[in-house]
Amino acid sequence: MNTLDPAVTALLKDADALIPAIVQDATSNEVLMLAYMNAESLSLTLSTGKATYFSRSRNELWVKGATSGHFQEVHSVALDCDGDALLLQVTQTGVACHTGKRTCFHTPIELQ
């Protein structure tokens, strides 16, 4: 088990909670996906530079691209002002979405 640095833990609103992580292309600023991290996946991401998330459906850690080859090289991680959301800037290899689309945000909804 990888342990999160106490200095980082102190910045989090709740180190035991799942933290939403917005993933953005480091060059174009395009939003690629939303995932969740726990303290362990955040620690692994910070130490390896490979985006590692917590799967709510499988209840386990997953390195983005481990099965698909569509890895995310992490350039930066920022915490929001409340300490309860993250922004990752990445270089995306291949597509970000499991549907085969570049981004998970490909279904527009019209304003009424």
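Cys104 is partly exposed, with 32% relative accessible area (buried is under 20%, exposed over 50%, partly exposed in between, using a 1.4 Å probe and protein chains only). Its closest cysteine sulfur belongs to Cys97 at 3.6 Å, too far for a bond. Keep in mind that this is a predicted model, where local features need pLDDT of at least 70, side-chain atom pairs count only at pLDDT 80 or more, and totals for chains, interfaces and linings use all residues. Residues are numbered from 1 along each chain as its sequence is written, and side-chain values use heavy atoms, with hydrogens and water left out.

**Cysteines**
- You'll find zero disulfides here (a disulfide is a pair of cysteine sulfur atoms within 2.5 Å).
- Cys81 counts as exposed, because its relative accessibility is 79%.

**Largest pocket**
- The largest pocket holds about 570 Å³ of space. The volume is the space filled by probe spheres set on grid points, which are joined across faces, edges and corners.
- For the set-up: on a 1 Å grid over the protein atoms alone, a pocket is an open set of points where a 1.4 Å probe fits, with protein on both sides within 12 Å along at least five of seven lines, and lining residues have an atom within 4 Å of a point.
- The lining has 23 residues, with Met33, Arg58, Trp62, Lys64 and His98 nearest the pocket's centre.
- Strands E2 (31-37), E3 (52-55) and E4 (60-63) each bring at least two lining residues (strands are DSSP runs of E, at least two residues, numbered from the N terminus).
- E2 has the largest share of that lining, at four residues.
- Sorted by class, the lining splits into twelve nonpolar, eight polar and three charged residues (Ala, Val, Leu, Ile, Met, Phe, Trp, Tyr, Cys and Pro are nonpolar; Asp, Glu, Lys and Arg are charged; the others, Gly among them, are polar).

**Nonpolar core**
- The largest nonpolar core has 18 residues, and Met33, Met37, Tyr53, Leu86 and Leu88 touch the most other members (a core is a set of buried Ala, Val, Leu, Ile, Met, Phe, Trp, Tyr and Cys residues joined through side-chain atoms within 4.5 Å).
- Strands E1 (19-25), E2 and E6 (86-92) each give two or more residues to this core, and E2 gives the most, with four.

**Contacts worth a look**
- Gln24 sits in strand E1 and is buried at 14% relative accessible area.
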